[in-house]
Amino acid sequence: MGLATVGREEATSSGDIEAAVSKLRDLFGERCAVSRAVREQHGHTTSLLGNQMPDAVVFAQSTEEVSQVVRICAAHGTPIVPFGTGTSLEGHINAPAGGVCIDMSGMNEVLKVHAEDLDCVVQPGITRGKLNEYLRDTGLFFPIDPGADASIGGMVATRASGTNAVRYGTMKDNVLALEVVMPDGTIVRTGSRAKKSSAGYDLTRLLVGSEGTLGIITEITLRLQGIPEAISGGICPFPSVEAACNAVIMTIQSGIPVARIELLDTLQVKACNLHSKLTLAEVPTLFLEFHGTKAGVAEQSELFGEIAAEFEGGPFEWTDKAEERTKLWHARHEAYWACLELRPGCKSVTTDVCVPISRLAECVEATREDIEATGLIAPIVGHVGDGNFHVSILVAPESEAEVEAAHAFIGRLNLRAIEMEGTCTGEHGVGQGKMKYLEREHGDALDVMRAVKKGIDPLNIMNPGKIITM
């Protein structure tokens with residue numbers, strides 16, 4: 001499949017989409033959009049997959065409205081695709097069978113903050129950036145940082161991770177409870193604000209990472225963290241990607257409580273220099289951050305510097321000045337856009353894998369050698385503190401040979417990670433793009449997943465064509 005718009009797949013049911021859209025237009029008026037421009041915007045994808053538009057987009061404003069949309073779609077066998085901010089990378093928001101997209105961006109409120117319990121309740125459309133702005137005066141923050149200013153609902157749906165995951169975990173570790181509209185329109189709550197529970201099946205964890213295939217998340221209860229007393233951060237150059245990865249492995253195995261530890265290979269450093277006006281040495285480099293007390297972060301920084309020196313890295317230059325750290329991490333978050341400046345006019349196709357930390361250096365080095373042998377331009381960047389890294393492949397959209405080479409490389413990368421007892425995706429999710437690798441990774445467990453999907457969504461109307469085939 002190339003980069004052009006692709007056609008619609010056969011619907012997964014014999015439903016009447018036209019009748020459902022007609023009822024939704026009567027009910028929601030202008031908030032049920034059918035223009036081509038709006039539908040294309042809600043079917044876009046940043047992967048090698050083409051755009052597959054829904055038949056209509058409903059802009060929901062409450063849980064009750066989401067329930068109404070789902071009930072109408074269920075009655076007419078019409079597929080439903082939830083939409084947050086559209087930053088997903090594996091075709092999650094495509095509508096291969098058409099149907100109705102429910103845009104959740106208007107449900108963007110912080111409903112409650114329980115500062116004494118370190119939790120809050122939010123609607124799914126709020127972005128992580130807006131949430132942390134709201135929380136700033138409370139002395140609390142939400143730590144999961146995938147880079148893009150994604151919606152919290154989308155982050156739950158894809159089981160997002162990010163730069164802080166090595167210390168604070170991923171979305172599965174930071175969601176306490178959910179409110180969800182199920183495939184028949186029923187509204188259910190999973191979990192509570194208690195920090196632990198042994199009561200029944202863990203439906204919250206089932207829905208975290210389900211990518212809209214089991215229900216639509218309309219309210220989220222999140223764990224929060226106290227803003228650290230002190231934060232230090234810095235950069236450390238290395239003679240090779242392998243040396244940098246080995247320093248990461250030693251850092252984690254030594255129990256140093258690093259908050260962020262990011263790898264940028266030589267090409268990614270060059271891109272960041274160009275885009276963010278940095279003057280870093282263009283060699284493999286680690287970006288690091290430590291959270292804690294003033295004495296604690298200083299000690300952690302010094303210990304890491306000693307580890308880096310063992311692998312011929314350094315000097316490790318660190319600072320506790322907020323403006324300097326902000327500039328550094330802004331450049332890291334702009335890595336996607338920075339890559340595009342390496343080859344103007346091309347498309348950046350981003351993929352990710354995750355391996356056990358002990359296999360990280362081996363996997364990254366093999367991937368770098370694969371890139372060189374294939375002749376691709378593909379910077380490597382990653383949240384390597386937990387074995388997760390990304391490759392951004394710069395592809396000329398009109399070149400069938402380059403698109404084919406990118407597909408083949410992504411396939412080899414995913415299989416390499418799985419063979420190293422890792423996973424085909426550490427945080428991007430499956431969507432459409434990673435489905436072909438799940439049988440190799442999960443084997444017969446895929447049949448269990450299908451049974452769960454069929455039991456909860458027998459009509460297969462919830463984001464069909466994602467994660468598993470039915």
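## Phe389 and the nonpolar cores

Leaving aside neighbours within four places in sequence, Phe389 is in contact with Thr351, Asp352, Val353, Leu360, Cys363, Val364, Thr367, Ile380, Val381, Gly382, Val384 and Leu413, where contact means heavy atoms within 4.5 Å. Phe389 is also, with Leu286 and Phe304, one of the residues with the most contacts inside the largest nonpolar core, which has 55 residues. A nonpolar core is here a set of buried Ala, Val, Leu, Ile, Met, Phe, Trp, Tyr and Cys residues joined through side-chain atoms within 4.5 Å; buried means under 20% relative accessible area, exposed over 50%, and partly exposed in between, with a 1.4 Å probe and protein chains only.

The model is a predicted one, in which local features need pLDDT of at least 70 and side-chain atom pairs count only at pLDDT 80 or more, whereas totals for chains, interfaces and linings use all residues. Residues are numbered from 1 along each chain as its sequence is written, and side-chain values use heavy atoms, with hydrogens and water left out.

## Packing around helix H14

Helices (H or I, at least four residues) and strands (E, at least two) are DSSP runs numbered from the N terminus. Helix H14 (residues 360–374) packs with helix H15 (residues 400–419) at an angle of about 160°, their axes being 11 Å apart; axes are lines fitted to C-alpha atoms, for helices over the stretch in contact, and angles run from 0 to 180 degrees between N-to-C directions. H14 and H15 are therefore roughly antiparallel to each other, a term for angles over 145 degrees. The contact is made by Cys363, Ala366, Thr367, Asp370, Ile371 and Thr374 of H14 and by Ala405, Phe409, Arg412, Leu413 and Arg416 of H15.

Helix H9 (residues 241–253) also packs with H14 at an angle of about 160°, here with the axes 8 Å apart, and H9 and H14 are therefore roughly antiparallel to each other. In this pair, Val241, Glu242, Cys245, Asn246, Val248 and Ile249 of H9 meet Leu360, Ala361, Val364, Glu365 and Arg368 of H14.

## Helix H15

The 20 residues of H15 reach 29 Å from the first C-alpha to the last, close to the 28 Å expected at 1.5 Å a residue, the expected span being 1.5 Å times one less than the number of residues. Among the buried residues of H15 are Val403, Phe409, Leu413, Asn414 and Arg416, and what covers the buried residues includes strand E16 (347–354), H14, strand E18 (388–395) and helix H16 (438–442). Just after H15, Glu421 takes a positive phi of about 65°.

## Loop positions

His92, in the loop between strand E3 (80–83) and strand E4 (100–103), is buried, with a relative accessible area of 5%. Leaving aside neighbours within four places in sequence, the contacts of His92 include Glu211, His428, Asn463 and Lys466.

Arg159 has a positive phi of about 55° although it is not a glycine; Arg159 is found in the loop between helix H5 (152–157) and helix H6 (165–168) and is partly exposed, at 39% relative accessible area. Lys277, likewise not a glycine, has a positive phi of about 55°, and at 63% relative accessibility Lys277 counts as exposed. A cis peptide bond, with omega about 5°, joins Gly314 and Pro315, and Pro315 lies in the loop between helix H11 (294–310) and strand E15 (317–319).

Definitions and conventions:
Parallel < 35°, antiparallel > 145°, perpendicular 65-115°, else oblique.
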